[in-house]
Amino acid sequence: MTRTRKDERGSMAVEVVIMIPILFMFTLLVVAGGRYVSVRADIEAAARDAARAASYERSYDSAANAASDVATSALDGYATCRVGDLGGDFESGGDVEVTLTCDVPNEGLGLIGLTGSLEVRASASAPLDTYRRTE
């Protein structure tokens with residue numbers, strides 16, 4: 001038979017009051033990590049799409065415009081992206097490389113100290129058709 005001592009009454013309430021903010025902060029940290037992984041995957045997918053769109057174009061200028069348009073439309077709404085670099089050898093049989101630089105806002109994560117925005121970079125490449133004529 002277990003007896004409770006009178007000086008331990010209410011200790012469970014104190015433990016709960018101490019633990020709830022810690023658990024809440026931990027939950028927000030997990031949410032922040034999940035958001036980072038999700039945004040990173042979306043930006044890498046947008047970089048792949050931008051590289052593929054650039055590989056369909058015949059000139060460097062139109063490839064840069066196509067890559068920028070595809071990246072902007074793919075990430076419209078939650079990230080501000082720009083094509084940081086369009087490289088590679090833009091000739092038949094070569095490849096084109098696209099580097100995206102995106103600023104992702106940390107909205108809703110101010111309670112754990114994440115404010116402002118996070119810069120995320122992703123790059124991808126796509127081959128150009130061997131028999132395609134470029135300008």
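What percentage of the 135 residues in the protein chain do buried residues make up? The figure is 27%, where buried means under 20% relative accessible area with a 1.4 Å probe, protein chains only.

Before going further, a word on the source. This is a predicted model, in which local features need pLDDT of at least 70 and side-chain atom pairs count only at pLDDT 80 or more, while totals for chains, interfaces and linings use all residues. Residues are numbered from 1 along each chain as its sequence is written, and side-chain values use heavy atoms, with hydrogens and water left out.

Let us turn to the overall layout. The protein chain contains two helices and three strands; here helices are DSSP runs of H or I with at least four residues, strands are runs of E with at least two, and both are numbered from the N terminus. Read from the N terminus, the order is α-α-β-β-β. Of the contacts with a separation of 6 or more, 61% are between residues 24 or more positions apart, a contact being heavy atoms within 4.5 Å. The chain exposes about 9200 Å², and carbon and sulfur atoms supply 54% of that area, as computed by the Shrake-Rupley method with a 1.4 Å probe.

Next, the helices. How do helix 1 and helix 2 lie relative to each other, roughly parallel or roughly antiparallel? Helix 1 covers residues 11-55 and helix 2 covers residues 60-74; their axes come within 8 Å and cross at roughly 150°. The two helices are therefore roughly antiparallel, the term for angles over 145 degrees. On the helix 1 side, Ala 46, Asp 49, Ala 50, Ala 53 and Ala 54 take part, and they meet residues of helix 2 including Ala 63, Val 70 and Ala 74. By class, this contact has 10 nonpolar residues, no polar ones and one charged residue.

Between these helices, in the loop, sits Ser 59. Ser 59 counts as buried because its relative accessibility is 19%. Its C-alpha atom is 9.3 Å from that of Glu 91, 32 residues apart along the chain.

Finally, strand 3, residues 117-127, which holds Arg 121. Leaving aside neighbours within four places in sequence, Arg 121 is in contact with Arg 40, Leu 100 and Thr 101.

Ala 126 and Ala 53 are 73 residues apart in sequence and 8.9 Å apart in space, C-alpha to C-alpha.

Key. Buried means under 20% relative accessible area, exposed over 50%, partly exposed in between (1.4 Å probe, protein chains only). Axes are lines fitted to C-alpha atoms, for helices over the stretch in contact, and angles run from 0 to 180 degrees between N-to-C directions. Angles under 35 degrees count as roughly parallel, over 145 as roughly antiparallel, 65 to 115 as roughly perpendicular and the rest as oblique. Ala, Val, Leu, Ile, Met, Phe, Trp, Tyr, Cys and Pro count as nonpolar, Asp, Glu, Lys and Arg as charged, and the others, Gly among them, as polar.
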